[in-house]
Amino acid sequence: MSDQAGPRVDAVIVGAGFAGLYALYRFRRLGLAARVFEAGDGIGGVWFWNRYPGARCDVESMQYSYSFSEELQQEWDWSERFAPQPEILDYINHVADRFDLRRDIQFETRVTTAAFDEAEARWTVETDRGDRVAARFCIMATGCLSSARVPDLPGLADFAGDCFHTGAWPRTPVDFAGRQVALIGTGSSGIQATPVIAEQAAQLYVFQRTPNFVVPARNRALDPETKQYWKGDYAAHRRRAREVGTFYEFSDRRAMDVSKEERRREYARRWQEGGVNFVHSFKDIYLDQDANDTAAEFVRERIRGLVADPAIADALSPTDHPLGAKRICVGGDYYETFNRPSVTLVNLRAEPIEAVTPAGIRTGSQEYAVDTLVLATGYDAMTGALLAIDIRGRGGQSLRDKWACGPVNYLGLMTAGFPNLFTVTGPGSPSVLVNMVIGIEQHIDWIADCIGHLDTCGAATIEALAEAEESWVAHVNAEAGLTLFPQAASWYMGANIPGKPRVFMPYVGGIGRYRRRCDEVAARGYEGFEIAGKAARPVQPLSEPPSTT
Ligand code: N01
């Protein structure tokens, strides 16, 4: 169908990562005509762009996958405990092919504007390739970590060598052999890339502004028993995952309730096993500063044991934020890498960067001559990709204006004044604090059920009420305030982007609690939302019930 506003579809989905693909799959099952716009020239979202050396997931691969199809989860074979980026990209491409999703995805197309037409109760979506599409629903599957941030360093544009951002890595692998490399940034991306680049480069300078806590991954090939454990009863494991997000060995003990020796034993055991499980050693690590200090000191001790030079160990030791309040990093031989003669830690607290020069980086102390620059400098997280689109709701109000003091929405799903526009795993939802795939499935299922409900009622629009939004935002803030998270200048807080409002964006209440709240809201007739109007074209339900695959 087509009119002045361009071709008409039921839903426009922005982004073809895990969220966009699953939305497309679910909407087809509802009989909706959906069009996906994707800026990249392939599927995968964050896993499409993050091809930097060493990129891998820090959620175990048997858990970091879709649960909607038993056949899919049985047939896919993960090779390692923590999947490397190429394997995750293969997986998501397999999903796209298996469910024939590509034919509704338009690649190399960036959505630039989305405007709500109140008279017609529909969105007009425009792209940088001149598309203009009318849609009843807009699903912003834009990703939380998809707007790469290039720091505002004087002289950067004049650098004469190669410059790469970890979040926009080229398709052709970069050969670091013989290169003089500067890597800026020591978050998850930087700490993963460092050991791998160090193996190849002639010289690697790691420019660190803030040291982070890095726990070892202890990655390994997946053994048949582990695979069988999961595949033997995936349905039950997934049911539990819907409550807890990622499976960790959650503790019911408080750190200070056990002896010093017992704490150390527990930390040492989890350190030895590897992964994020370390942060769950005691139930109050995210809540109590004293408890947190014990875990933080354990990591600092480990750093001193792993790094030969005490001054370098000291510079690598985080002291300015609670452990876990910035996303904990999971690495492989990160600290050990600084024992290599070809690797130099540049402590930017002692010698800040003054400028990038054509031949390298000049700090307050000296100039580092390099031919390759790796920016592991992160993202305008959670809101960056969304607000890069000029989104206009009722009365032409822009989302950027509405969120000028920080994101406000109801359940992290909808914002008042923007009917039929859904955000996926955005601010106000558990989002980046849980296994993203689980969070995505929960959101998309809720949205699909909501659209189904509108069609059953013959209604045109659903919109969050301002008072519901206000109380949800207050709840999100209150929950965050009970934890140590707001104490760190993290990207969770928007603190890495100059001028961005400092608000703790994800919902810390947990996916199980959040899911129950969303389900209750739906069960009470979408409490806190206004459902209105008469739908122009009711969706025809499928004649047979959707299969599970
Ligand atoms: O980005 P970050 P990231 N001069 O924002 C530094 C997920 N992820 O891409 O802290 C000098 O964490 C900045 O320094 P500071 C994961 O959720 C997951 O590494 O601002 N330095 C910091 O060290 C993660 O948390 C996986 O002082 C500058 C770094 O750049 C999220 O993505 C893998 C600077 C940015 O760290 C983001 O991680 C990778 C400047 N001007 C990513 N500007 C896994 O699953 C910034 N920095 C394992």
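Predicted model: local features only at pLDDT ≥ 70, side-chain atom pairs only at ≥ 80, totals over all residues.
## Helix α15: length and faces

Helix α15 comprises the 16 residues 466-481. At 1.5 Å a residue, a helix of this length should span 22 Å, and the end C-alpha atoms of α15 are 22 Å apart, which agrees.

The buried residues of α15 are Ala-468, Glu-469, Trp-472, Val-473, His-475, Val-476, Glu-479 and Ala-480. Viewed down the helix axis, these buried residues fall within an arc of 160 degrees, so they line one face of α15. The face turned away from this buried side carries Glu-467, Glu-470 and Gly-481, which are exposed.

## Packing of the buried face

Three elements pack against the buried residues of α15: α13 (399-402), β20 (461-464) and α16 (511-523).

Asn-409 is located in the loop between α13 and β19 (421-423). Its relative accessibility is 3%; because buried means under 20%, Asn-409 counts as buried.

The side chain of Asn-409 has polar atoms close to backbone atoms of other residues: the backbone nitrogen of Gly-412 lies 3.2 Å from one such polar atom, and the backbone oxygen of Pro-427 lies 2.9 Å from one.

Leaving aside residues up to four places away in sequence, Asn-409 touches Trp-403, Met-414, Thr-415, Pro-427, Gly-428, Glu-469, Trp-472 and Val-473. Among these contacts, Glu-469, Trp-472 and Val-473 also belong to the buried residues of α15. Pro-427, also touched by Asn-409, supplies the backbone oxygen at 2.9 Å from a polar atom of the Asn-409 side chain.

Note on methods. Residues numbered from 1 in each chain as written. Heavy atoms only, no water. Helix = DSSP H or I, 4+ residues; strand = E, 2+ residues; numbered from the N terminus. Expected span 1.5 Å × (residues − 1). Buried < 20%, exposed > 50% of the residue type's maximum accessible area, 1.4 Å probe, protein only. Arc of directions from axis to C-beta. Contact = heavy atoms within 4.5 Å. Polar contact = N/O pair within 3.5 Å; in protein donor to acceptor, adjacent residues only side chain to side chain.
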